[in-house]
Amino acid sequence: MNRSHLLSATILALFGACAQAATDPVALSFERMFNHTPVSSAPAVPANFGTDPLIAAMVVPLRNGTPHTAPQVAKVDLTIGGFDRMLAHTPTTATPAVPANFGTDPLIAAMVEPLRQWRSGGSAVQFAHVGANH
């Protein structure tokens, strides 16, 4: 007797679940996804949301069938300028900013200043002597 009650309760629960799944928006969205049919309603957005720049850049051109336009590059780009100088082997003339109470950087004093002096007319012997002292 218990088996027949359990079986009938299971069948009723299954029919109830199927009827509920027919009106469940999540189940319907999975059905559309598996059938490859697009949704007919617009997604909900907050009232003061404005336009989403990612949607405007990527989704709207696809919906409208317009080709993607490349972003505009600034006329003066310091990063590109740095790579241009690096590839052209020209040193920068800018002096890096240092904190007010920093003093002399020992790494700059030991490595960069001797190279600057040597390049400005000092001898290689003088450069080797300065390097040996540090």
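A: Glycine 65, which comes just after helix α3, takes a positive phi of about 75°. The model is predicted, so that local features need pLDDT of at least 70 and side-chain atom pairs count only at pLDDT 80 or more, whereas totals for chains, interfaces and linings use all residues. Residues are numbered from 1 along each chain as its sequence is written, and side-chain values use heavy atoms, with hydrogens and water left out.

Helix α3 itself covers residues 53-64 and has twelve residues, helices being DSSP runs of H or I with at least four residues, numbered from the N terminus. From its first C-alpha to its last, α3 reaches 16 Å, close to the expected 16 Å, a span taken as 1.5 Å times one less than the number of residues. Of the twelve residues of α3, one is buried, so the helix lies largely in the open; buried here means under 20% relative accessible area, exposed over 50%, and partly exposed in between, with a 1.4 Å probe and protein chains only. Across the protein, 1% of the 134 residues count as buried.

Another helix, α5 (residues 106-119), holds both glutamate 113 and arginine 116, which are three residues apart, about one turn of the helix. Their side chains meet in a salt bridge at 2.9 Å, N to O, where the term requires a side-chain nitrogen of Lys or Arg within 4 Å of a carboxyl oxygen of Asp or Glu. A search of the whole structure finds one salt bridge. Within this pair, glutamate 113 is partly exposed, with a relative accessible area of 29%, while arginine 116 is exposed, with a relative accessible area of 52%.

Conventions. Helix = DSSP H or I, 4+ residues; strand = E, 2+ residues; numbered from the N terminus.
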